[in-house]
Amino acid sequence: MAGDVVTASGTRVFVGSAVTSATDTIAEFEAISGWIEVGLVESVGEYGDQSNPVNFEALGDGRVRHSKGARDAGTLAIVCGHDPTDTGQAALVAAEATNNNYAFKVILPDGPAGYSDTIQYFRGMVMGKRLNVGNNENIIRKNFSVTINSEIFEDPAST
């Protein structure tokens, strides 16, 4: 039914191989083999394009003119329950030790009955792998940050 909303429950995050800036179509991302699912993902932060503001201030009328500059897809925060045996978390840790862009895939559980789910692909660098121990009442978490260095290529839910 049009207008239905879905929860994030069931969202899945995958990391692929190191890629170059030439990886820029859905077909190229789909051709990547060896995707590794990141386990125990608790949350995925906001991401997506936002234009940088570019302003011009005219002396004659004292008005500011606004325009759009470069587009920035942001930094993706991935929070996981710490699991030193999880291959996906280990792949993110290994990627953080490099200066390479990696392929990422996020599957959103948004397809209604009879539809596939939306899949998003992008290139990014793992910039952080911080451990959050907390106190007696906390779950130990691993917080990864991924700077997105490409547009987000979306294969929308379809029949």
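Modeller: In this predicted model, the lining of the largest pocket consists of Ala8, Ser9, Gly10, Thr11, Val41, Glu42, Ser43, Val44, Gly45, Tyr47, Val106 and Leu108. A pocket is an open set of 1 Å grid points, where a 1.4 Å probe fits, with protein on both sides within 12 Å along at least five of seven lines; lining residues have an atom within 4 Å of a point. At least two lining residues come from each of strands E3 (41-44) and E7 (101-108), and E3 gives the most, with 4 residues. Strands are DSSP runs of at least two residues, helices of at least four.

Turning to the aromatic rings, 5 pairs are counted, with centres within 6.5 Å; planes under 30 degrees apart are stacked, over 60 edge-to-face and the rest tilted. Phenylalanine 29 and phenylalanine 153 have ring centres 5.5 Å apart and planes at 40°, so this pair is tilted. Because phenylalanine 29 belongs to helix H1 (residues 26-30) and phenylalanine 153 to strand E10 (residues 153-155), the pair ties together parts 124 residues apart in sequence. Phenylalanine 29 is buried, at 0% relative accessible area, and phenylalanine 153 is buried at 9% (buried means under 20%, 1.4 Å probe, protein chains only). Phenylalanine 104 and phenylalanine 122 have centres 5.6 Å apart and planes at 10°, so they are stacked. Phenylalanine 104 lies in strand E7 and phenylalanine 122 in strand E8 (residues 118-132), so parts 18 residues apart in sequence are tied together. Both phenylalanine 104 and phenylalanine 122 are buried.

Residues are numbered from 1 along each chain as its sequence is written. Local features need pLDDT of at least 70 and side-chain atom pairs 80 or more, while totals for chains, interfaces and linings use all residues, and side-chain values use heavy atoms, without hydrogens and water.

Note on methods. Rings of Phe, Tyr and Trp (its six-membered ring) pair if their centres lie within 6.5 Å; planes under 30 degrees apart count as stacked, over 60 as edge-to-face and the rest as tilted. Buried means under 20% relative accessible area, exposed over 50%, partly exposed in between (1.4 Å probe, protein chains only).
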